[in-house]
Amino acid sequence: MKPFAVHSFLLFGRHVRTMSSRQYASVIDKAFINGQWVSAASGKTFQVVDPATCQPISSVPDMNIDDVKLAVASADKAFQSWKHTTAKERSQLLRKWYELLVEHQQSLAEILTLEAGKPLSESLGEVGYGNAFVEWFAEEAKRTYGEVVPSPVKSRELIVLRQPIGPVGLITPWNFPHAMITRKAAAAIAAGCTCVIKPAEDTPFTALALAELAAKAGLPKGVINVVTSSRANAGPIGKYLCESPQIAGISFTGSTAVGKLLYEQCAEGVKRLGLELGGNAPFIVFAGANLEKAADGALASKFRNCGQTCISANRFLIQDTVFDEFVAKLRQRIEKLVMGDGKTAGCTMGPLINMDQVKKVEQIVEDAVAKGAKVVVGGKRALELGERFFHPTLLTGIKENMRCYKEEIFGPVAVCIPFSSEEECVKVANSTERGLAGYFYTGDIAQAWRVAKELEVGMVGVNEGLISHAETPFGGIKESGIGREGSKHGMDEYTYIKYVCFGNL
């Protein structure tokens with residue numbers, strides 16, 4: 001395997017460690033507060049591990065609440081001046097950040113592959129997707145329009161303003177460490193807010209690289225702060241961000257269980273809250289669908305990022321008259337996937353992020369098999385590649401008492417369930433507390449409209465397995481979250497609406 005080139009875009013002359021002796025890409029080993037690269041006040045650090053090799057990459061500060069207080073104070077101080085910048089000024093700075101992100105997209109992708117385990121091609125795709133949010137909100141910054149309301153009283157003029165809510169806490173996951181930050185931070189900054197970003201402990205290096213390029217773009221100190229911590233400190237830090245009176249809002253992407261906890265913690269201050277939580281996406285294939293395209297869409301939706309995607313297809317509902325044919329086509333595609341270290345040329349699927357994910361996926365498959373499921377392909381760990389690799393798996397013979405029927409798998413396991421009628425499959429698709437995304441393939445335009453409206457989800461893919469764009473609203477209903485990210489609605493979470501009445505005119 002050819003080592004990646006070392007791409008260096010160092011700004012502050014601080015110490016930077018590189019990964020192992022092979023030096024795939026440069027990473028930053030400090031947190032970023034008030035425009036400075038800093039260690040934890042305690043001096044503690046924690047190691048970040050390459051999920052493909054299980055070898056240490058480097059260490060970053062293991063920060064606690066005392067460190068986060070400094071970051072919050074920095075964001076609060078910066079907000080006092082940042083909120084007075086013009087929309088055009090914010091737009092221009094975001095545009096400069098975007099241009100630097102594009103210039104360094106190869107370096108960013110290499111860092112992402114190193115810490116998240118994705119194939120480099122996937123990482124490049126995520127970087128392009130994440131960069132698009134910065135470009136989009138650079139443009140949307142200039143479109144935070146207010147309103148002039150026709151007055152019912154002759155001596156009054158009525159207007160509506162949109163103003164930034166204040167410093168915000170952004171708590172982001174490991175599965176998309178680039179795009180989940182840019183989707184939130186670019187919208188917040190465009191609105192005139194400042195940020196304290198808490199990346200997942202598995203993937204802090206991408207967040208730090210993003211902060212470095214934001215500083216190079218000219219964003220003032222304190223507008224973006226990145227605090228890193230181990231899992232042990234993540235809970236207290238999240239609680240502090242939710243309860244701090246200096247933090248006006250929280251945006252979180254992650255599990256429904258943690259989202260509910262943050263929801264509760266934000267209640268004390270009736271804080272603005274955006275939640276993008278877990279999914280349990282149905283993927284429906286009707287008899288009139290183009291099965292080749294449906295199988296292609298199924299593969300892309302299910303096995304991207306080794307199945308570790310919140311909008312990943314979780315339950316494949318296949319009309320009984322085409323069930324066997326579809327399963328055969330999907331199996332053929334699964335068998336062509338190339339597992340391995342994402343840094344290896346030709347690899348199309350990497351490892352799971354950590355051992356907790358490995359154990360969960362393994363237990364879900366074992367539960368299904370013990371209750372009568374048939375393993376069509378895969379079904380076990382790929383220990384010959386490493387302890388975090390799991391073979392892409394296809395299961396049939398699924399019953400309602402199996403964990404895979406109800407739970408979000410978040411791994412490379414496709415479960416196929418037959419149905420006989422449209423009403424039956426819609427009922428099964430909606431029989432969950434989650435409602436993030438849903439997919440279906442059909443050749444009937446009337447059916448397409450009916451089912452798209454009936455699915456209880458926030459996003460629907462009709463004859464399409466990949467649906468995310470910076471231009472469209474991302475979010476769910478039911479226990480899959482609150483609010484929307486991306487699109488023209490993405491800044492709503494970061495702005496207040498203020499009504500002003502001019503009287504006695």
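This is a predicted model: local features need pLDDT of at least 70, side-chain atom pairs count only at pLDDT 80 or more; totals for chains, interfaces and linings use all residues.
Colleague: Which element gives the most to the lining of the second largest pocket?
Modeller: Two elements give two or more residues to the lining, α4 (120-140) and α5 (179-191). With 4 residues, the element that gives the most is α4.

Colleague: How many residues in the lining of the second largest pocket are nonpolar?
Modeller: Sorting the lining by class gives 5 polar and 5 charged residues. The nonpolar residues number 8.

Colleague: Let's turn to the largest pocket. Which residues are the closest to its centre?
Modeller: The largest pocket holds about 1200 Å³ of space. Its lining has 45 residues, and the closest to the centre are Trp174, Phe252, Gly254, Ser255 and Val258.

Colleague: Which element provides the largest share of the lining of the largest pocket?
Modeller: Elements that give two or more residues to this lining are α7 (231-243), β10 (249-253), α8 (256-266), α11 (355-370) and α12 (403-406). The largest share is 6 residues, and it comes from α8.

Colleague: And how many charged residues are in the lining of the largest pocket?
Modeller: Good one to finish on! By class, this lining has 16 nonpolar and 15 polar residues. The charged residues in the lining of the largest pocket number 14.

Key: Residues are numbered from 1 along each chain as its sequence is written. Side-chain values use heavy atoms; hydrogens and water are left out. On a 1 Å grid over the protein atoms alone, a cavity is a set of points where a 1.4 Å probe fits but cannot get out, and a pocket is an open set with protein on both sides within 12 Å along at least five of seven lines; lining residues have an atom within 4 Å of a point. Grid points are joined across faces, edges and corners, and a volume is the space filled by probe spheres set on the points. Ala, Val, Leu, Ile, Met, Phe, Trp, Tyr, Cys and Pro count as nonpolar, Asp, Glu, Lys and Arg as charged, and the others, Gly among them, as polar.
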